[in-house]
Amino acid sequence: MDYKLLWIDDEIELLKAHTLFLEKKGYEVVTVSNGYDALELCGEQNFDLILLDENMPGMSGLETLSHIKEVCPAVPVVMVTKSEEENIMEQAIGSQIADYLIKPVNPLQILSTLKKNIHQKEIVTEVAQSAYQQNFGKLGMQINDSLTTQDWMEVYKKLVYWELQLSETDSSMKEMLTMQKQEANNMYARFVKKNYLKWIEHPEERPTMSLDIFKKHIFPALNEGEKVFLIVIDNFRYDQWCVLRDEIADSFNIEENLYTSILPTATQYARNAIFSGLMPQQIAKMFPELWVDEDSEEGKNLNEAPLIQTQLERYRRKNTFSYHKVNDSQAAEKFLRELPNLKHFDLNVLVLNFIDMLSHARTESRMVRELANNEAAYRSITQSWFRHSAVKDLFRILAQSDYRIILTTDHGSIRATNAIKVVGDKNTNTNLRYKLGKNLSYNPKEVMEIKEPAKAQLPSPNLSTTYVFATGADFFAYPNNYNYYVSYFKDTFQHGGISMEEMLIPLITLQGKKR
């Protein structure tokens with residue numbers, strides 16, 4: 001592809017050597033000596049980049065720049081000037097120039113700015129693709145050799161890193177990465193099947209799980225005299241955290257960890273475990289009035305504040321706390337107005353539901369499915385929500401405070417692509433990633449099954465209740481009206497089962513840099 005440049009300079013004849021150099025490199029260079037001619041050409045021809053002298057008689061470089069932005073706003077403009085005055089630079093930067101070069105410039109400087117502003121995507125694609133190719137085999141060995149939860153966390157972080165690197169490129173490696181991630185999820189499911197019941201039976205040997213969050217992270221901070229702000233973003237994946245991290249990194253010191261969600265990786269189970277410090281079966285036995293069964297019409301998370309209170313009381317703690325749930329922008333703005341009144345609490349807990357709402361809306365709305373039609377788009381919508389919501393204002397305010405902020409979630413989600421058949425009676429729950437019931441029919445090789453729920457400390461509505469969990473990117477479909485069901489739910493983001501995306505989830509500690 002030939003790239004076309006426009007170079008505007010009142011001493012353009014002195015730059016002949018530069019233009020010849022660029023032409024030998026394959027660029028077509030059109031030259032003019034003033035802003036008026038430049039604007040006329042911009043109206044007649046398309047250019048890939050414009051080099052603009054700042055100090056010209058008649059129409060100055062800055063004046064020319066403002067008119068160019070009106071005529072062709074998408075074309076990158078590189079300002080070339082003898083002046084190093086700060087106000088000139090600020091005006092140029094404020095007018096959204098792509099780069100700034102100080103005369104005398106040499107050809108390699110110009111070539112560098114062309115690569116940055118015209119060829120960046122090609123170069124990024126090539127470098128990212130080459131780097132991933134070099135690491136492919138090493139990452140494959142790491143997947144096969146992973147023996148601990150920490151090993152799997154490192155594998156997952158690396159897969160997300162490469163996913164983010166390749167997602168904004170045109171690399172053909174994306175498909176290979178997708179296959180490697182599928183392989184990793186299959187291996188991770190085997191790991192969970194082998195170890196999950198051991199983790200429940202021997203708490204001292206397990207990784208940090210949902211019910212450990214307060215004991216291991218909230219209470220120690222309170223013991224140190226810190227005031228803690230716990231923010232739980234429902235259905236929040238590690239890759240989504242990575243794009244939000246870029247939005248707040250300038251304001252916070254960040255300590256980044258992952259932890260393991262309990263099964264099922266669903267709000268009713270995992271978030272209640274966080275707030276109570278108990279497994280679901282323990283909640284149901286100790287506080288039956290606070291546990292809501294699967295078949296109940298009652299909301300499954302109406303008792304979170306009382307569950308927090310029970311945990312504080314069990315540990316004989318006298319800490320004061322507040323609890324808030326935000327479902328929409330209006331509620332977020334109201335919460336911001338109330339924020340100054342929360343300073344006297346030792347612990348403030350905030351639940352944010354936007355991402356979970358997005359996940360459900362993507363399933364139910366064709367328009368939202370189009371907007372978030374792949375992983376990268378799903379992350380992008382998350383980032384856009386954060387940038388333009390009152391939640392970013394909340395983080396800005398918290399960055400100026402003395403709070404220790406703990407940002408986490410109850411579970412993640414996975415893009416479900418492969419249907420597997422399950423048969424249940426009318427009392428079987430509707431979740432696509434896990435089922436519980438007394439008359440379930442399924443292929444045992446395709447799922448993780450728990451026939452004795454008490455061993456996993458899960459409630460048993462019936463004596464013969466079995467839990468089954470989908471693994472990898474599978475989801476459960478009923479044989480009746482099978483094709484419609486599969487086409488409707490395929491490629492939707494689901495949770496409840498076993499995958500790195502659902503189980504290995506962010507646990508982030510933030511402290512404002514201006515504390």
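Trp152, Tyr188, Phe191, Tyr196 and Trp199 come together as one aromatic cluster. The model you are looking at is predicted, with local features requiring pLDDT of at least 70, side-chain atom pairs counted only at pLDDT 80 or more, and totals for chains, interfaces and linings using all residues. Residues are numbered from 1 along each chain as its sequence is written, and side-chain values use heavy atoms, with hydrogens and water left out.

**The chain as a whole**

Let's start with the overall picture. The chain contains 20 helices and 19 strands; helices (H or I, at least four residues) and strands (E, at least two) are DSSP runs, numbered from the N terminus. Along the principal axes, the C-alpha atoms fill a box of roughly 90 × 55 × 40 Å. Of the 515 residues, 54% count as buried. Here buried means under 20% relative accessible area, exposed means over 50%, and partly exposed lies in between (1.4 Å probe, protein chains only). Among contacts with a separation of 6 or more, 74% come from residues 24 or more positions apart, where contact means heavy atoms within 4.5 Å.

**Aromatic rings**

How many aromatic pairs does the structure hold? There are 29 aromatic pairs. One of them joins Tyr478 and Tyr485, an edge-to-face pair at 6.1 Å centre to centre with 65° between the planes. Rings of Phe, Tyr and Trp (its six-membered ring) pair if their centres lie within 6.5 Å, and planes under 30 degrees apart count as stacked, over 60 as edge-to-face and the rest as tilted. Tyr478 and Tyr485 are both buried.

Tyr488 and Phe489 also pair: their ring centres are 4.8 Å apart and their planes stand at 85°, so this pair is edge-to-face. Tyr488 is partly exposed, at 28% relative accessibility, whereas Phe489 is buried, at 15%.

For a charge to sit over a ring, NZ of Lys or CZ of Arg must be within 6 Å of the ring centre and within 35 degrees of the ring normal. Lys4 gives another example, with its charged end over the ring of Phe47, 5.5 Å from the centre.

Helix H6 (residues 120–145) packs with helix H7 (residues 149–167) at an angle of about 160°, and their axes are 11 Å apart. Axes are lines fitted to C-alpha atoms, for helices over the stretch in contact, and angles run from 0 to 180 degrees between N-to-C directions. H6 and H7 are therefore roughly antiparallel to each other; angles under 35 degrees count as roughly parallel, over 145 as roughly antiparallel, 65 to 115 as roughly perpendicular and the rest as oblique. Residues that meet here include Ala128, Tyr132 and Leu139 in H6, and Trp152, Val155 and Leu159 in H7. Trp152 is also one of the residues in the aromatic cluster.

What about helix H10 (residues 238–248)? Nine of its 11 residues are buried, so H10 is largely enclosed by the rest of the structure. Among the buried residues are Tyr238, Trp241, Cys242 and Leu244.

**Backbone details in loops**

| Cis peptide bond | Omega | Loop holding the proline |
|---|---|---|
| Lys103 and Pro104 | about -5° | Pro104: between strand S5 (99–102) and helix H5 (107–117) |
| Leu263 and Pro264 | about -10° | Pro264: between strand S7 (252–260) and helix H11 (267–276) |

Arg316 is not a glycine, yet has a positive phi of about 55°. Arg316 is placed in the loop between helix H13 (304–314) and strand S8 (321–326), and is exposed, with a relative accessible area of 76%. Asn481, not a glycine either, has a positive phi of about 55°. The loop between strand S17 (474–477) and helix H19 (482–489) holds Asn481, which is exposed at 57% relative accessible area.

Is His495 buried or exposed? At 9% relative accessibility, His495 counts as buried. His495 lies in the loop between strand S18 (492–494) and helix H20 (500–503). Not counting residues up to four places away in sequence, the residues that His495 touches include Asp356, His360, His411, Arg433 and Glu502.
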